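Dear colleague,

Please find below the structure I wished to pass on to you. My findings follow directly after it.

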Amino acid sequence: LFGSAVQSSVPMGAYGAWLTRDFLSMGVFFTAPPIVGDMIKEYTGSAQSGYYAAQIGLPLILQFVTCPLHLLGYDIYNNPNNSIRQRIQFLGK
């Protein structure tokens with residue numbers, strides 16, 4: 001993918017990180033807006049405007065979770081011998 005090493009097969013851990021990211025994203029994008037929209041209707045004026053606000057806001061908020069998962073998949077692929085501590089340090093940068 002993105003590295004200087006010779007191309008190799010993608011490790012299952014990288015697929016796992018990316019699949020987890022995708023499942024979380026789809027769950028939040030399609031399931032949560034009606035629920036959250038109903039919860040915030042007092043603040044937005046109506047359930048419909050709450051739904052629209054949730055459709056815009058939830059993906060933005062979810063980026064704080066999905067972006068590290070995406071980067072973790074790249075790290076697993078590009079640095080297969082890193083320890084868990086090294087991966088956490090990488091994600092903390």
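Setting aside neighbours within four places in sequence, arginine 21 is in contact with Thr66, Leu69 and His70. Please note that the model is a predicted one. Arginine 21 belongs to helix α1. Its relative accessible area is 16%, and arginine 21 is therefore classed as buried, the limit being under 20%.

At glutamine 63, α3 bends by about 45°.

The buried residues of α3 are Gly50, Ala54, Gly57, Leu58, Leu62, Thr66, Leu69, Gly73, Asp75, Ile76 and Tyr77. Their packing partners are α1 (12–39), α2 (41–44) and α4 (84–91). As to the spacing of such positions, an α-helix has 3.6 residues a turn, so residues three or four places apart point the same way. Thr66 and Leu69, which are among the buried residues of α3, are also among the contacts of arginine 21.

Finally, there is the surface to consider. Together with Leu24 and Phe64, Val65 makes a nonpolar surface patch of about 310 Å².

With kind regards

Technical notes. Residues numbered from 1 in each chain as written. Predicted model: local features only at pLDDT ≥ 70, side-chain atom pairs only at ≥ 80, totals over all residues. Heavy atoms only, no water. Patch = residues over 30% accessible without salt bridge, like charges linked within 9 Å, V, L, I, M, F, W, Y side chains within 5 Å. Areas by Shrake-Rupley, 256 points an atom, 1.4 Å probe, with all protein chains shown as cover. Salt bridge = Lys/Arg side-chain N within 4 Å of Asp/Glu carboxyl O. Bend = angle between axes of the 7 residues up to and from the residue. Helix = DSSP H or I, 4+ residues; strand = E, 2+ residues; numbered from the N terminus. Buried < 20%, exposed > 50% of the residue type's maximum accessible area, 1.4 Å probe, protein only. Contact = heavy atoms within 4.5 Å.
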